[in-house]
Amino acid sequence: MTSKTAIKLPDSPRIPAWMQTIQGMARPLEYLEAAAKEYGDVFTMRSLGFPPTVVLSNPQAIQEIFTADPHQFDSAEGSKILQPIVGNNSLILLDGDRHQRQRKLLMPPFHGERMKAYGKLICQIAEQVMKSWTIGNIQPVYPAMQEISLRVILRAVFGIDEGARFQQLRQLLVSMLDAFNSPLTSTVIFFPILQQDLGDWSFWGRFLRQRQQIDELLYSEIRERREQPDSNRTDILSLMMSASDENGQLMTDVELRDELMTLLFAGHETTASSLAWAFYWIHHLPEVREKLLKELESIGSDPDPTEIARLPYLTAICSESLRIYPIVLFSFARIVKSPIEIMGYKFDPGTLLTACVYLTHHREDIYPDSKSFKPERFLERQFSPYEFIPFGGGSRRCIGWALALLEMKLVLATVLSRYEMALTDNREVLPVRRGITLTPARGVPMMMVAQR
Ligand code: HEM
């Protein structure tokens with residue numbers, strides 16, 4: 001007879017779950033650092049409304065979960081707080097064979113040749129958006145980055161970002177995600193009991209109404225494309241509409257809608273935050289800016305996007321920016337399916353394990369003086385995919401990582417080589433939680449000083 005005794009989880013901070021929840025939401029970095037100081041690189045996080053989650057920041061442990069067979073862990077159940085936005089058929093909420101199949105379908109448009117086609121487009125969109133700034137005016141850089149990243153993702157997904165439908169879609173998405181991500185209202189995502197439709201004056205009521213309007217726009221677009229198919233289109237929606245599974249079944253309208261929302265949701269705020277952080281660091285540290293400007297000058301006034309993407313110092317700035325304040329603090333949970341031992345700990349089926357991006361990126365043994373912004377560390381050595389993990393890893397690794405990095409480099413290069421920008425003061429900018437992302441407080445107010 002097998003024993004039914006549950007295996008003991010690693011230690012957890014000795015404060016009640018409700019207090020861990022408040023600390024984890026209000027001051028996530030302080031909570032993580034205090035726990036790591038006391039318990040090291042494996043501990044258990046307890047939050048109200050969630051099963052206990054084992055937090056890993058040891059590269060060897062992370063390697064074990066990232067290199068495991070995709071069928072060894074599930075994930076969907078651990079990410080179900082995203083269901084109201086992305087729907088049940090989202091890649092994020094699929095497991096096993098269905099997840100693997102859907103990933104295979106979505107990967108090609110985010111890699112290789114397709115990336116080249118996005119290069120020029122990203123530079124053009126960055127130029128257009130920055131034209132709305134006036135010399136001498138002060139405004140936060142974050143909304144401009146949101147605008148750029150939304151237009152890029154709409155182009156990649158739909159092939160166009162103009163016309164009445166896309167204007168409406170843009171406005172609704174920004175407004176819905178803004179509400180969803182604000183520190184106060186985003187609490188509702190974590191507590192389904194608060195998700196009550198109390199009419200238009202309630203957050204959830206407004207959210208449901210906006211979601212319905214967005215769905216109507218997405219379904220109209222899908223319907224139109226079904227009625228007038230165009231085999232020359234190479235955007236992601238067209239690829240999804242023509243792909244069939246092993247039984248010859250096409251994706252249904254609801255499946256298409258859920259995957260579209262997943263890409264718009266996962267690809268928009270994340271990239272905008274990473275850009276806002278990079279703008280901050282470059283302008284906060286004059287020596288970094290000088291070095292970058294020299295590198296940009298070295299490739300002339302009208303460089304090819306692929307040449308920009310290869311620049312070593314620019315690449316190192318983007319990596320260091322994603323290291324020091326990773327946009328997403330944790331990988332999706334990996335839910336143990338059969339008993340497994342990692343670093344001497346035995347885990348039962350059902351246990352949630354997650355790689356903590358922030359704590360891994362601040363290990364002093366890998367990143368000495370980890371709180372300082374030093375792009376040079378990425379030029380001096382190469383970090384393993386279990387030490388540098390801004391996009392997670394393994395069979396769940398972010399499918400948009402190549403697009404996000406390309407976009408970061410091209411937007412920075414385009415703006416810096418055309419405009420002289422400055423921070424309004426040199427105070428340290430601290431991270432704040434926006435939904436499930438970590439963004440710079442106050443959106444990084446900046447001034448456009450002059451045109452170059
Ligand atoms: C700087 C920008 C971004 C960051 C920091 C980021 C980060 C992440 C992380 C940490 C994960 C979880 C990976 C894991 O659990 O191992 C993830 C998953 C994902 N990301 Fe990103 N992401 C970014 C941009 C994008 C973009 C541009 C897109 C698409 C257009 C995208 C689409 C996705 C999707 C669909 C998943 C789920 C993958 C799966 O479940 O198989 N992300 N991302």
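Analyst: On a 1 Å grid over the protein atoms alone, a pocket is an open set of points where a 1.4 Å probe fits, with protein on both sides within 12 Å along at least five of seven lines, and lining residues have an atom within 4 Å of a point. Grid points are joined across faces, edges and corners, and a volume is the space filled by probe spheres set on the points. The model is predicted, with local features needing pLDDT of at least 70 and side-chain atom pairs pLDDT 80 or more, while totals for chains, interfaces and linings use all residues. Numbering runs from 1 along each chain as its sequence is written, and side-chain values use heavy atoms, without hydrogens and water.

User: What volume does the largest pocket have?

Analyst: The lining of this pocket divides into 19 nonpolar, 8 polar and 4 charged residues, where Ala, Val, Leu, Ile, Met, Phe, Trp, Tyr, Cys and Pro count as nonpolar, Asp, Glu, Lys and Arg as charged, and the others, Gly among them, as polar. The volume of the largest pocket is about 630 Å³.

User: Which element gives the most to the lining of the second largest pocket?

Analyst: Helices (H or I, at least four residues) and strands (E, at least two) are DSSP runs, numbered from the N terminus. Helix 1 (17-26), helix 2 (28-39) and strand 10 (431-434) each supply at least two lining residues. The greatest contribution, 4 residues, comes from helix 2.

User: Which protein residue is the single donor to the iron atom of the ligand?

Analyst: Donors are N, O and S atoms within 2.8 Å of the metal (3.2 Å for Na, K and Ca), and sites may look incomplete because water is not among the atoms. At 2.3 Å from the iron, through its SG atom, the single protein donor is Cys-398.
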